[in-house]
Amino acid sequence: MTSPVARGSESLPRLPLPGATPREVRAALLPEYRERFDEDYRAALEEAGRTLELTGVLDTVEHWRTRAWITRDPARHRRMVRRAAELLTGHVPPADEPVAVTEARL
């Protein structure tokens, strides 16, 4: 069964709603976040295999579903991350700094 997906601007990826499958969440992520999603998801599955508890898997999928919403518009996301870094550090990040580097500092 496929979960509903939010519609929006046609140029942006469709967004997964609560209850989305891991595949739907992964598809909604920007390509630069998919490898990290895969790592986190596999780690949660391994832990679930050891503990027989799915909470970590569900939490991981929900974390990344939210991340898909936050990062949907790369330009807006970059501005938000840069502004957060400026507010937290008192310094504007270098204009050419990759958003992943700025995020890591946050």
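Visitor: How many aromatic pairs does a search of the whole structure find?

Guide: In this predicted model, the search finds 2 aromatic pairs.

Visitor: What makes the pair of Phe37 and Tyr41 stacked?

Guide: Planes under 30 degrees apart count as stacked. The ring planes of Phe37 and Tyr41 stand at 5°, with centres 5.6 Å apart, so this pair is stacked. Both residues belong to helix 2, where they are 4 residues apart, about one turn of the helix.

Visitor: Why is the pair of Phe37 and Trp64 called edge-to-face?

Guide: The term applies to planes over 60 degrees apart. Between the planes of Phe37 and Trp64 the angle is 90°, and the centre-to-centre distance is 6.2 Å, so the pair is edge-to-face. It links distant parts of the chain, with Phe37 in helix 2 and Trp64 in helix 3, 27 residues apart. Phe37, Tyr41 and Trp64 form one aromatic cluster.

Visitor: How do you know whether Phe37 is buried or exposed?

Guide: Buried means under 20% relative accessible area. Phe37 has 2%, so Phe37 is buried. Trp64 is buried as well.

Visitor: Why are helix 2 and helix 3 described as roughly antiparallel?

Guide: Angles over 145 degrees count as roughly antiparallel. The axes of helix 2 (residues 31-51) and helix 3 (residues 55-70) cross at roughly 165° and come within 8 Å. The two helices are therefore roughly antiparallel to each other. Their contact includes Phe37 and Tyr41 of helix 2 and Trp64 of helix 3. By class, this contact has 9 nonpolar, 2 polar and 3 charged residues.

Methods:
Residues are numbered from 1 along each chain as its sequence is written. This is a predicted model: local features need pLDDT of at least 70, side-chain atom pairs count only at pLDDT 80 or more; totals for chains, interfaces and linings use all residues. Side-chain values use heavy atoms; hydrogens and water are left out. Axes are lines fitted to C-alpha atoms, for helices over the stretch in contact, and angles run from 0 to 180 degrees between N-to-C directions. Angles under 35 degrees count as roughly parallel, over 145 as roughly antiparallel, 65 to 115 as roughly perpendicular and the rest as oblique. Contact means heavy atoms within 4.5 Å. Ala, Val, Leu, Ile, Met, Phe, Trp, Tyr, Cys and Pro count as nonpolar, Asp, Glu, Lys and Arg as charged, and the others, Gly among them, as polar. Rings of Phe, Tyr and Trp (its six-membered ring) pair if their centres lie within 6.5 Å; planes under 30 degrees apart count as stacked, over 60 as edge-to-face and the rest as tilted. Buried means under 20% relative accessible area, exposed over 50%, partly exposed in between (1.4 Å probe, protein chains only).
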